[in-house]
Amino acid sequence: MRIVIGLLIAAIFLFSGCGTERSASDLGADSAKTTKAVPQNDSLAKSVSPSMQTVSLNQADSANAASQAIERKIIRNCNVTIEVASPGDSQRKVSSIAESHGGFVVTSEMSQQALQDKSKPQMTVSLVVRVPASQFDQVLQEIFALGTRIQDKTTGEDVTEEFIDLEARIRNQKALEAQFLDIMKRAGKIDDALEVQRQIAEVRTEIEKLEGRKRFLENQSALSTINVTLQTPTSIVNTAGFSYNVRSAFGDGVDVAAAIVLFLIRAAIGLLPIVVLIVLPAVLIARIVVRRTRRQRSEGAAAAAG
């Protein structure tokens with residue numbers, strides 16, 4: 001029995017030794033494969049890493065530039081004057097252009113101006129258009145295509161620094177308000193509570209003022225303003241000819257005569273109430289007084305004769 005047990009123990013040691021040698025050989029093979037694979041990966045990393053780093057830097061720079069462009073607040077305005085054949089029709093076209101690009105017309109005004117040569121008066125239409133800042137250039141190009149551009153002026157104001165300053169001031173004021181609210185909760189006296197409440201009201205007023213200015217800058221930078229003036233072409237008149245001078249003199253004479261007639265009519269109309277309300281009653285009263293005086297004299301003379 002002891003011999004059998006000894007043989008079993010020897011077999012167990014033998015098998016365990018073979019398993020250990022196989023594990024060691026497998027581990028050595030795996031480590032060798034890993035050792036061979038690592039240089040290949042290193043070389044690949046060395047060959048690819050510079051281009052990958054360059055692409056990453058370019059992408060990062062473009063991303064930063066895009067974020068900075070988005071964060072900038074720029075107020076853009078334009079004043080443009082265009083000569084068109086029909087200002088009324090062009091006015092409707094400008095409104096359609098603004099609405100098609102997500103904008104709108106703020107104000108629209110039409111006026112007429114008489115020319116020196118007494119010809120057809122010049123018609124002028126003035127519009128104030130608000131359009132998204134991203135569509136500003138496209139809208140301008142479409143408006144320029146309506147007629148002959150004779151004047152335009154584009155201005156831009158970068159208010160990014162002011163906008164960032166407003167955000168910082170609003171955060172500070174809100175933090176101060178939170179501190180005052182915390183103090184308000186711990187105030188033990190009524191006078192202290194009232195004083196803290198007054199401070200909170202001042203801080204809240206300042207916050208509302210800063211937020212109002214911030215909303216104004218956001219609106220002005222998000223929507224650009226275009227002032228459009230549409231007018232009919234100005235006719236060129238020769239003022240050096242004899243016929244023009246005669247027509248001009250005749251026209252001036254007619255204007256003077258019309259002014260005199262209008263003055264007389266206005267004077268008559270202005271004096272009519274005075275005549276009706278003052279002169280006529282005064283004449284009637286005077287006639288009554290004169291008749292009464294004559295009657296009294298005639299009666300006195302008859303009495304003296306009798």
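Analyst: The side chains of Glu206 and Lys209 meet in a salt bridge, with N and O 3.4 Å apart. The model is a predicted one, and the distances and areas below are computed from it.

Both Glu206 and Lys209 belong to helix H5, where three residues separate them, about one turn of the helix. An α-helix has 3.6 residues a turn, so residues three or four places apart point the same way. Lys209 has a relative accessible area of 54%, so Lys209 counts as exposed, the cut-off being over 50%.

The pair is also part of a network of salt bridges that links Asp165, Arg169, Glu206 and Lys209.

Glu211 pairs with Lys174, and their closest N and O atoms are 3.6 Å apart. Because Lys174 lies in helix H4 (residues 160-186) and Glu211 in helix H5 (residues 190-222), this bridge ties together parts that are 37 residues apart in sequence. Lys174 is partly exposed, at a relative accessible area of 41%. Glu211 is partly exposed too, with a value of 22%; buried would mean under 20%.

A further salt bridge joins Asp158 and Arg72, at 3.2 Å from N to O. This one links distant parts of the chain, 86 residues apart: Asp158 is in strand S4 (residues 148-158), and Arg72 is in the loop between helix H1 (2-71) and strand S1 (74-83). Asp158 is partly exposed, with 44% relative accessibility, and Arg72 is partly exposed at 45%.

The pairs described here are among the 14 salt bridges found in a search of the whole structure.

For contrast, consider a part of the surface made of nonpolar side chains. A nonpolar patch there has about 890 Å² of accessible area together, and its members include Leu271, Val275, Val276, Leu280 and Val283. Val276 is located in helix H6 (residues 242-305). Its relative accessible area is 44%, so Val276 is partly exposed.

The bridge between Asp158 and Arg72 runs from strand S4 to the loop between helix H1 and strand S1.

Terms used:
Residues numbered from 1 in each chain as written. Predicted model: local features only at pLDDT ≥ 70, side-chain atom pairs only at ≥ 80, totals over all residues. Heavy atoms only, no water. Patch = residues over 30% accessible without salt bridge, like charges linked within 9 Å, V, L, I, M, F, W, Y side chains within 5 Å. Areas by Shrake-Rupley, 256 points an atom, 1.4 Å probe, with all protein chains shown as cover. Salt bridge = Lys/Arg side-chain N within 4 Å of Asp/Glu carboxyl O. Helix = DSSP H or I, 4+ residues; strand = E, 2+ residues; numbered from the N terminus. Buried < 20%, exposed > 50% of the residue type's maximum accessible area, 1.4 Å probe, protein only.
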